[in-house]
Amino acid sequence: MLHNKSFVKKTKGGKVMKQVREHYLRDDIYCGTPSCTVCDSSGARLSDSASTILVVDTNVVLNQIDLLENSAIDDVVVLSIVLEEVKNKNMSVYNRLRAICSNSNRKFFVFSNEYHRDTYVKEMSGETKNDRNDRAIRVAAQWYQKHLGGAVKVLLVTNDKENKRKASEEGICAETVESYVKSLDRPDLLDLLVRPSSEDAEMEDVEDHRPSKRKVIYSEHKPMSEITSGLHRGIYHQGKLRVNRYNPFEAYVGSESIGDEIIIYGRSNMNRAFDGDIVAVELLPEDQWQGEKSLSIVGEEDEDEDEDVHLAPNSADDAPRTTPQQGSTGVTNAGSSRPSGRIVGIIKRNWHSYCGSLEPMPMPGGSRGVAYALFVSKDRRFPKIRIQTRQLENLLDKRIMVSVDSWDRQSRYPSGHYVRTIGEIGDRDTESEVVLIENDINSRPFSAQVLACLPPLPWSVSSEDLSIPFRQDLRHLRVFSVDPPGCKDIDDALHCYALPNGNFEVGVHIADVTNFVFPGTPLDDEASQRGTSVYLVERRIDMLPKPLTEDVCSLRSDVERLAFSVIWEMTPEADIISTRYTKSVIKSAAALSYVEAQARMDDSRLMDPVTTDLRNMNSLAKKMRLRRIERGALTLASAEVKFQIDTETHDPLDIGMYQIREANQMVEEFMLAANVSVAQQILKSFPLCSLLRRHPTPTKEMLEPLLRVSAAIGLNLDVSSSKALADSLDLAVGGDPYFNKLIRILATRCMSQAVYFCSGDLSPPEYHHYGLATPLYTHFTSPIRRYADVIVHRLLAASIGISKLPSVFQDRLQLTSIADNLNYRHRNAQMAGRASVELHTLIYFRKRPTDTEARIVKIRSNGFFVFVPKYGIEGPVYLTTRAEKGSGEWYVDEQEQKIKKMDGSLSYSILQTVQIHMEVVEPQPNRPKLQLTLI
Amino acid sequence: MEYVSPEGLRLDGRRPMEMRQIRAEIGAVSKADGSAVFEMGNTKVIAAVYGPREVQNRSQQLSDQALVRCEYSMANFSTGDRMRKPKGDRRSIEISLVIRQTMEECILTHLMPRSQIDIYVQVLQADGGTRSACINAATLALADAGIPMRDLVTSCSAGYLNSTPLLDLNYVEDSAGGPDITVGILPKLDKVTLLQMDSKLPIDILENVMQLATEGCKAIANYIREILLENTKELEYRRGS
């Protein structure tokens, strides 16, 4: 049956046009119940014996998605009109709903009511779109009831009063979510319910719990029409809000329209916006532009917020953001302050679920009653969230997840609802889980579909693999691998032979992951989503299933494995004469650890072939490294720490700095060379769709903190180029051995991180990798643990003509989105790794209060930040207590980066060594933190 | 954007392998020697054929075969916004050429030397797939005019969106910017006379999509044959024999 839809639409140019679309109504859309005699039940999803089938309204989906995700709710019919409405209103809820619908364990059925002959409804004159859609839902519910007859009850779940009333009039069973959930008799589900907004009359009693009853705290958000016209006229600016990780009262909006970041101070100026929201900002008058207010370490509002001890940041992206500080005692200098603004409206919310715990509170009298509690997110960027719960006693000492529902003008905090419990606070597994959730890392086991893509196990190289013409047999070569001790996912191996003409043949062999992971398979999709393996202190979350990472792909010793090899001919001066790429079969002769390899090289008595190869390679690597440094590659330093974990309790036994040996540098050098060679090769073949990695040159502003520090201690750093910086870093040798490393750590912190990108998106000069001082770079050498390398393997295979280029590469947009996802996952994996180290540091010091040496790295008005080299952590040391904050006993000398006592008796300057005491304290129950005090 | 829902329905309610509703009518322009209206969903095209007749411009006359000319145009009201379209813009010249070459291939031009055949096609309503619709209309009009042909030429388009081959793209799907293949075939001879593609597509998928378009062409050919048969029967009936 054919039917034409016609509607009017406003075009971009502002013209109003009539659009006519065909709309085919069908009779082959089935109801999805397996017992139905009329319909084809092959695609049925609902359960056989369901006594009730739920038809959900759009508002239920939008507000109660957490409830729908709970497996207690099943046999749900999702109408296509509901899906469409949800899609228009909230894309993330739509994606979640789609995920439930496609999950084969859940009994959710999508009924395309809009295309069904009997359930399509035509808009009546004078009827609004919304009313029409509500009617469509009712018609579909009615159809279901008639279609299934009396055996099954069809229940329309709606929170729209009008819809419910009309449904009852038309003889459809309808209930609100609340009454439906109550009828299930599951109190835990009730917590998942979103409370109706506080304007609702029946919830009035809730307000009594609030101290600020009916007081308007925030200014109103402007209506969308006003925001649009304001943006158009240039009085408002649009951008994504980013809250300072270290000070939740300070946020930034990167605005394209003024080409600068707008700073937003304080919760009232932030006006209920969350981190990640797209907001409209109005600039404050220039005389209200504040200079740097966050001179002190502590947040300025009346909440208990203070700095925790953190791992030392590794790059500018993780470091707390500081703008140049003015004046010594808060004299603001209007000329150099940055634009400040306030938020007038929120264009797009970025609400999701947050991990944290409830603020400790006394138990209310009635134990079974409803209690209101404040939830404190673990991530300090988010405000506290008010939730309602019936199981307060269970939740108080738990880590829980909470999602935000609304934030009205009268409440200081947003209101939300409980989603699920993760575990007990302080428990290592719980806290690790929190780390994973906070960083959006999927640690679920691999699904059956993914595991079905694995090759049959036990796997070994077959004659088929050998007979493929492009796969070269390199089993006769003496290949070996050098990795950290205990490494199971060995993805690289090396060989080095002296050629008769005096040159060397050097080969880098990388696990041939793409021989097992084919594009478009569930395995590939999963890997592409995960993006990278995540290394926590006590566990590893793999990107690929374990049989692949630890066995089939891992280049273990004495077994034949498939590899993708890069083979160079090099002169003894380490100049590359020729490069060859081939898929191969290798048999590793030895899997060495860095320590072993180093010991072999150092032991002059050993003359066995592997050791000779190692020495040859090391001398080549040294030359390559020297050349790279001459080109201006930076030797950056980070304070990586290493734990010794008790094998039984998994508690940390010892921490120390990660030691870097020559053998590490040797392997690194060849990996870098392989990556560079591969980058050149793939870019030559696919100039528009290669996946490369770049490291942007830091701007002057980014290096500002480093320059201020170096000026204060009388060190002259030249930052005009990476070469100049590298040279002046080499010259920066202070009185003690750690000085140079400290300066390097500070320098590293000023730089942004390297990112993946699609070569078609940028122009060739932008491909530059600043840190490595190479015009091209990519990742090729770790396909077992990074998805970027898998992509690069496919590109390389296509460029040497042994396989076809998968279709993803035809679509630049898709490739860009893959690169973005990889960057996101990569960053999250790093954050998770750091958070895990922080967690274990805390566990370690819980039983071991320690006195140690620390270096001052940042001066604040009431104290300073110290860096503890031995443990790689950084944290605040207060000179004044909170009570006497700002009493003026201390003042900061900005020029010399010193904090002095007023009477001049005592002063601390930057990079000075101080003795500190480290101890875990619990200012509040269940909230341990590491405290540093001066001794 | 999602052009095919996980339930397997397209934006207009069709399934990927389904064509839009087609309708054809012969004899829409009584002055012409042959004419037809052809509709594919909301795309509506009218074609009129004049000839074989004397060549108007003597210098173009061919001594061994007939001269085939084709003019394609879009009515001002054919799209949503009513605007004056300049004649002979790049797009219409291209489509005119495509239609002419396709039709020339099936007309037995060597039977009619020193004569001229004019094909005029005009789009009355455009909703994607106008090229195919024009070719189908022209075939019907040529048949109506009684011009000797090797076979009918029919055409259909197919595309590839959301990793699914789609038959007979409408305007919304057409403007998605994905690959879009127009195929013209001689159904009885099983030969391809027209193959055009926008954007790019891996070769193995191209084969699938092209196969789908060819199936579409065959379905259209069956329908056209039915219409012609019906028309002939009616003519027969009118003659009263």
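Predicted model: local features only at pLDDT ≥ 70, side-chain atom pairs only at ≥ 80, totals over all residues.
Visitor: What counts as a salt bridge, and how many does the structure hold over all chains?

Guide: A salt bridge is a side-chain nitrogen of Lys or Arg within 4 Å of a carboxyl oxygen of Asp or Glu. The structure holds 54 of them over all chains.

Visitor: Which distant parts of the chain are linked by the pair A:Asp66 and A:Arg96?

Guide: The side chains of A:Asp66 and A:Arg96 meet in a salt bridge, at 2.6 Å from N to O. A:Asp66 belongs to helix 2 (residues 65-69) of chain A and A:Arg96 to helix 4 (residues 91-102), 30 residues apart.

Visitor: Is A:Asp66 buried or exposed?

Guide: Buried means under 20% relative accessible area. A:Asp66, at 6%, therefore counts as buried, whereas A:Arg96 is partly exposed, with 26%.

Visitor: Where do A:Arg794 and A:Asp524 lie?

Guide: These two residues form a salt bridge, with the closest N and O atoms of A:Arg794 and A:Asp524 being 2.8 Å apart. A:Arg794 is in helix 23 (residues 787-799) of chain A and A:Asp524 is in helix 15 (residues 522-530), so the pair links distant parts of the chain, 270 residues apart. A:Arg794 and A:Asp524 are both buried.

Visitor: What separates A:Arg530 and A:Glu526 in helix 15 of chain A?

Guide: About one helical turn separates A:Arg530 and A:Glu526, because they are four residues apart in that helix. Their side chains meet in a salt bridge, at 2.8 Å from N to O. A:Arg530 is buried, with a relative accessible area of 9%, and A:Glu526 is buried as well, with 19%.

Visitor: Which residues are linked in a network of salt bridges?

Guide: The network links A:Arg26, A:Asp28, B:Arg15 and B:Glu18.

Visitor: Which residues form a negative surface patch?

Guide: Asp and Glu count as negative. Here A:Asp397, A:Glu424, A:Asp427 and A:Asp429 form such a patch. A:Asp397 lies in the loop between helix 11 (392-395) and strand 17 (398-406) of chain A; A:Asp397 is partly exposed, with a relative accessible area of 32%.

Visitor: Where is B:Asn162 found?

Guide: B:Asn162 is in the loop between strand 6 (154-161) and strand 7 (164-167) of chain B. Although B:Asn162 is not a glycine, its phi is positive, at about 50 degrees.

Notes. Residues numbered from 1 in each chain as written. Chains lettered and ligands numbered in written order. Heavy atoms only, no water. Patch = residues over 30% accessible without salt bridge, like charges linked within 9 Å, V, L, I, M, F, W, Y side chains within 5 Å. Areas by Shrake-Rupley, 256 points an atom, 1.4 Å probe, with all protein chains shown as cover. Charge placed at Lys NZ, Arg CZ, Asp CG, Glu CD. Helix = DSSP H or I, 4+ residues; strand = E, 2+ residues; numbered from the N terminus. Buried < 20%, exposed > 50% of the residue type's maximum accessible area, 1.4 Å probe, protein only.
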